[in-house]
Amino acid sequence: MPDALELLKTRRSLKPMEMTGPGPSATELDTILTIGSRVPDHGKLSPWRFIVFEGDGRTRAGEIFAKLFAQKNPQATPDQIEKERTRFSQAPLVIAVVSKTIEHFKVPAWEQELSAGASAMNIVHAATALGYVCDWVTGWMAFDRDAMDALGLAPNEKIAGFIHIGKPTKTIEDRPRPPLGEIVTRF
């Protein structure tokens with residue numbers, strides 16, 4: 001396992017099309033999801049949940065996406081529809097982080113949504129610490145109510161992100177980061 005600070009300083013995303021298997025084992029997936037649930041959670045509301053897409057589940061999700069995309073985009077080409085069909089088949093594992101907000105007198109929805117984001121980042125860090133690469137993305141289906149309904153989301157739920165997890169097929173290069181002087185002020 002890499003040093004925690006080194007991992008945080010060097011973590012990079014990799015596109016799902018640049019991933020291969022194997023994906024996390026059942027034990028590793030339990031570890032990843034456990035760490036995903038260990039985030040700040042004002043009010044102990046657990047304002048998130050996870051949907052795991054692995055094996056045939058990735059294909060079934062792709063069929064839903066292809067069908068909806070074709071219905072909503074009658075001008076779509078067969079290649080575009082196929083891209084939607086294979087969207088979740090590129091990486092061996094995809095985890096949807098579902099943000100579920102509830103009315104609460106003390107905990108605003110924004111805090112609950114931030115907790116879901118923290119959960120997604122913990123999943124990325126846990127998978128990276130286990131030697132995998134990730135890509136946390138959304139895409140049209142994260143904002144499309146029909147897609148959310150087809151994935152089983154309740155009306156008070158939305159997708160915080162889809163985290164694709166696999167092994168890299170290439171060396172990951174870093175990208176430029178903003179200098180601290182441009183993003184930090186002191187009060």
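Does Ser46 count as buried, exposed or partly exposed, and at what relative accessibility? Ser46 counts as partly exposed because its relative accessibility is 31%, where buried means under 20% relative accessible area, exposed over 50% and partly exposed in between (1.4 Å probe, protein chains only).

This is a predicted model, in which local features need pLDDT of at least 70 and side-chain atom pairs count only at pLDDT 80 or more, while totals for chains, interfaces and linings use all residues. Residues are numbered from 1 along each chain as its sequence is written, and side-chain values use heavy atoms, with hydrogens and water left out.

**Overall fold**

The chain contains seven helices and five strands, these being DSSP runs numbered from the N terminus (helices H or I, at least four residues; strands E, at least two). Their order along the sequence is α-β-α-β-α-α-β-α-β-α-β-α. Along the principal axes, the C-alpha atoms fill a box of roughly 55 × 45 × 40 Å. Of the 187 residues, 37% are buried. Among contacts (heavy atoms within 4.5 Å) with a separation of 6 or more, 79% are between residues 24 or more positions apart.

**Cores**

A nonpolar core is a set of buried Ala, Val, Leu, Ile, Met, Phe, Trp, Tyr and Cys residues joined through side-chain atoms within 4.5 Å. The largest such core has 18 residues, and Ile95, Ile123, Ile163 and Ile165 have the most contacts inside it. Two or more residues of this core come from each of helix H2 (26-36), strand S3 (93-100), helix H5 (109-129) and strand S5 (157-168). H5 gives the largest share, six residues. A second, separate core has 17 residues, including Ile51, Phe88, Ala96 and Ile159. Beyond its neighbours within four places in sequence, Ile163 is in contact with residues including Leu93, Ile95, Ala120, Ile123 and Trp136.

**Backbone features**

Most residues other than glycine have a negative phi, and most peptide bonds are trans. Gly21 and Pro22 are joined by a cis peptide bond with omega about 5°; Pro22 lies in the loop between strand S1 (19-20) and H2. Two residues other than glycine with positive phi are listed here.

| Residue | Phi | Relative accessibility |
|---|---|---|
| Lys44 | about 50° | 77%, exposed |
| Ser46 | near 45° | 31%, partly exposed |

Lys44 lies in the loop between H2 and strand S2 (48-54), and Ser46 also lies in the loop between H2 and S2.
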